[in-house]
Amino acid sequence: MSELNELYQQLILEHNKTPRNFIKPEQFTHDADGYNPLCGDHYHIWLKLDGETISDIGFQGSGCAISKSSASMMTSALKGASLSQAKELFEKFHSVIMTKIGDEIPEATIEELGSLGALAGVREFPARIKCASLAWHALNAALTKTEKSISTEIEKK
Ligand code: ZN
């Protein structure tokens, strides 16, 4: 397991160093701001919906390695995906990072997450779960368009 953890750590650091889709798309239909005041992570996310397909997605901003690599992995996974695929992936990702320490996560579930599986280890660090899920919450805010900005701390109330 420690070898795997090391591999995951490298993947996270690599995405942090060279984040994918770290750009504002030329055209977009939805966007939102995501802020995690506990850590100082602050991103803006844009996406272009063509019917049910996320044809383009990008983000900009700054924050810790976990939040940035998570946004990078998320945008990579969702570019070209359908909304239902995105929802399914979010639910899978969310259930993994919220799995109680000590409870086992099926290996197949981690594999289905692709590179996002590298973030499964954050469940051992409760404060970092918000970092890992920030981009997803911003994505949800962008899609629902009910709020232009989300904060991990307002959400709790
Ligand atoms: Zn963070």
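This is a predicted model: local features need pLDDT of at least 70, side-chain atom pairs count only at pLDDT 80 or more; totals for chains, interfaces and linings use all residues.

Q: How are the donor residues of the zinc ion spaced in sequence?
A: The spacing of the donor residues is C-x1-D-x22-C-x66-C. Distant parts of the chain are linked in this way: aspartate 41 belongs to strand E2 (residues 41-50) and cysteine 131 to helix H5 (residues 126-144), 90 residues apart.

Q: Is aspartate 41 buried or exposed?
A: Aspartate 41 counts as buried, because its relative accessibility is 0%. Cysteine 131 is also buried, with a relative accessible area of 1%.

Q: And cysteine 39, where is that found?
A: Cysteine 39 sits in the loop between E1 and E2. Its relative accessibility is 36%, so cysteine 39 counts as partly exposed.

Q: Which residues does cysteine 39 touch, leaving aside those up to four places away in sequence?
A: Cysteine 39 touches Cys64 and Cys131, and both of these residues are also zinc donors.

Q: Is alanine 132 buried or exposed, then?
A: Alanine 132 counts as buried, because its relative accessibility is 0%. The C-alpha atoms of alanine 132 and methionine 74 are separated by 10.0 Å, and these residues are 58 residues apart along the chain.

Q: Changing topic: what is the phi of asparagine 21?
A: Asparagine 21 has a positive phi, about 55 degrees, although it is not a glycine. Most residues other than glycine have a negative phi.

Q: Where is asparagine 21 placed?
A: Asparagine 21 is in the loop between helix H1 (2-17) and strand E1 (30-36). With a relative accessible area of 16%, asparagine 21 is buried.

Q: Now the overall fold. How many helices and strands does the protein chain have?
A: The protein chain has 6 helices and 4 strands. Along the sequence they follow the pattern α-β-β-β-α-α-α-α-β-α.

Q: Why does the radius of gyration of the protein chain agree with a compact globule?
A: It agrees because a compact globule with 157 residues would have a radius of gyration near 15 Å, and the protein chain has 15 Å. The C-alpha trace spans about 40 × 30 × 30 Å along its principal axes.

Q: How much of the chain counts as buried?
A: Of the 157 residues, 45% count as buried. As for contacts with a separation of 6 or more, 59% are accounted for by residues 24 or more positions apart.

Q: Last point: how far apart are the mean positions of the positive and negative charges?
A: The mean positions of the 16 positive and 21 negative charges of the protein chain are 6 Å apart.

Note on methods. Residues are numbered from 1 along each chain as its sequence is written. Side-chain values use heavy atoms; hydrogens and water are left out. Donors are N, O and S atoms within 2.8 Å of the metal (3.2 Å for Na, K and Ca); water is not among the atoms, so sites may look incomplete. Helices (H or I, at least four residues) and strands (E, at least two) are DSSP runs, numbered from the N terminus. Buried means under 20% relative accessible area, exposed over 50%, partly exposed in between (1.4 Å probe, protein chains only). The radius of gyration is taken over C-alpha atoms; the globule rule is 2.2 Å times the number of residues to the power 0.38. Contact means heavy atoms within 4.5 Å. Lys and Arg count as positive and Asp and Glu as negative; His and the chain ends are not counted. The place of a charge is taken as NZ of Lys, CZ of Arg, CG of Asp or CD of Glu.
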